[in-house]
Amino acid sequence: MEQVIGLITGLLFGFLLQKGEVLRFERQVGFMLLKDMTIIKFMMSAVLVGMVGIYACHAIGLISLSIKATNVAAIVLGGLLFGIGWAIAGYCPGTSVGALAEGRIHAFWAIAGMLAGAALYAEVYPFMQQTLLAWGNFGKLTLPEVLGLSPWFVIIPFIMIGLGLFTWFEKKGL
Amino acid sequence: MNLSLSSPKWNPYLAGALVGILAVLSVVVTTLVIDKPKYLGASTTFVRATGLVEQVVSPEHVSENAYFQKTKIKIDWQMMFVVGIFGGAFLASRLGRSAKLETVPPIWEQRFGANPVKRAVGAFFGGTILLFGARLAGGCPSGHGLSGNMQLAMSGLLALVFFMVGGILAAHLIYGKGGK
């Protein structure tokens with residue numbers, strides 16, 4: 001059952017990624033060159049709608065959150081490494097698979113590289129556990145917890161900032 | 001605004017907003033049906049897929065590896081989710097007639113030329129670095145970027161900022177300011 005739900009969710013997600021044109025190398029690297037905000041428009045819209053839905057469902061006790069640990073050293077270094085690889089490959093893990101499906105044959109090599117990267121990480125994981133993953137680990141934290149505010153006092157300003165950015169993107173034709 | 005299945009392009013704000021609804025529905029449905037909230041993510045699947053391949057070559061090595069023990073090699077929700085991405089994108093690109101055979105993307109070609117082997121090598125090493133980084137950071141733009149930020153997680157916010165900083169700096173260095 002778990003696998004069937006996963007497959008259906010993936011089909012819908014892949015469909016929307018393709019229709020939003022975010023699977024393309026040109027869109028991803030275009031953002032990194034600050035010339036094309038398509039992927040940011042797509043992602044921020046998803047996040048803003050999602051945060052309202054997630055916190056509304058959480059407030060009525062329907063769902064629980066699943067927060068990843070705040071390993072500052074690992075996130076900063078891993079994040080930067082990700083960014084460098086992302087600029088070269090032009091895809092992130094989710095979009096690489098979809099890009100291959102829409103005919104971008106070179107995404108195949110990016111996927112092969114990702115599998116190699118995963119194998120490499122599995123080998124050095126014990127070392128990372130004792131070093132980077134242990135440095136500056138603040139555990140599972142959310143922004144409202146850190147600020148000591150109700151989540152809605154964070155969500156509403158985020159939506160306003162998002163709408164402001166969207167207006168600016170459209171005015172600048174990005 | 002054309003939202004027909006045969007339209008080659010949907011408005012990115014609207015397609016994104018629909019992903020937001022999908023992400024929430026995914027958590028609600030998985031909580032109700034399998035009693036585990038499934039937030040969207042993709043990069044762990046590459047670890048499991050690698051583990052499945054390595055298992056064929058050297059099962060002892062995989063069973064002794066701490067990371068494979070922690071991640072648990074199996075065909076799970078997320079692996080089928082990633083398979084689904086392929087299917088969904090395939091369907092959407094055929095219905096919208098927007099599929100395009102591409103071996104070298106234009107921005108890459110302007111910088112490194114039209115040699116597909118050079119592009120394949122670049123894509124491979126880029127992929128290696130980015131997945132290593134994503135696993136170190138604990139997620140990719142799906143797990144941290146979408147799911148983490150939807151939950152207002154500090155880890156998601158921090159990761160997204162550094163994904164972007166790394167990407168923007170590297171892209172400017174690699175492709176030049178204009179990208180052409």
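Biologist: What area is buried between chain B and chain A?
Modeller: This is a predicted model. Carbon and sulfur atoms give 76% of the area buried between the two chains. The total between chain B and chain A is about 10200 Å².

Biologist: How many residues does each chain bring to that contact?
Modeller: Contact here requires heavy atoms within 4.5 Å. Chain A gives 119 residues. Chain B gives 129.

Biologist: Which helix gives the largest share of the side of chain B that touches chain A?
Modeller: Several helices of chain B each supply at least two residues, among them α5 (77–95), α7 (116–137) and α9 (154–175). The largest share is 20 residues. That share comes from α1(B).

Biologist: Which residue of chain A meets K36(B) in a salt bridge?
Modeller: The count between chain B and chain A is three salt bridges. In the one with K36(B), the N to O distance is 3.2 Å. A salt bridge needs that distance within 4 Å, so this pair qualifies. The partner of K36(B) is E2(A).

Biologist: Now inside chain B. What area is buried between domain 1 and domain 2 of chain B?
Modeller: The assignment places domain 1 of chain B at 1–100 and domain 2 at 104–180. The centres of these domains, taken over C-alpha atoms, are 19 Å apart. Carbon and sulfur atoms give 66% of the area buried between them. The total is about 860 Å².

Biologist: Which three residues supply 47% of the area that domain 1 of chain B buries against domain 2?
Modeller: Domain 1 of chain B puts twelve residues into the contact, and domain 2 puts in eleven. No other three residues of domain 1 supply more of its buried area. The three are Y39(B), L40(B) and S43(B).

Biologist: Which helix gives the most to the side of domain 1 of chain B that touches domain 2?
Modeller: α1 (12–34) and α2 (43–57) of chain B each supply at least two residues there. The top contribution is four residues. It comes from α2(B).

Biologist: How many salt bridges are counted between domain 1 and domain 2 of chain B?
Modeller: The side of domain 1 that touches domain 2 has eight nonpolar residues, four polar and no charged. Four residue pairs are in polar contact across this interface. The salt bridge count between the two domains is zero.

Definitions and conventions
Residues are numbered from 1 along each chain as its sequence is written. Chains are lettered from A and ligands numbered from 1 in the order in which they are written. This is a predicted model: local features need pLDDT of at least 70, side-chain atom pairs count only at pLDDT 80 or more; totals for chains, interfaces and linings use all residues. Side-chain values use heavy atoms; hydrogens and water are left out. Domain bounds come from an automatic or database domain assignment. Buried area is the accessible area (1.4 Å probe) that two parts lose on being put together, summed over both. A salt bridge is a side-chain nitrogen of Lys or Arg within 4 Å of a carboxyl oxygen of Asp or Glu. A polar contact is a pair of N or O atoms within 3.5 Å; within protein, one must be able to donate a hydrogen and the other to accept it, and residues adjacent in sequence count only if both atoms are side-chain atoms. Ala, Val, Leu, Ile, Met, Phe, Trp, Tyr, Cys and Pro count as nonpolar, Asp, Glu, Lys and Arg as charged, and the others, Gly among them, as polar.
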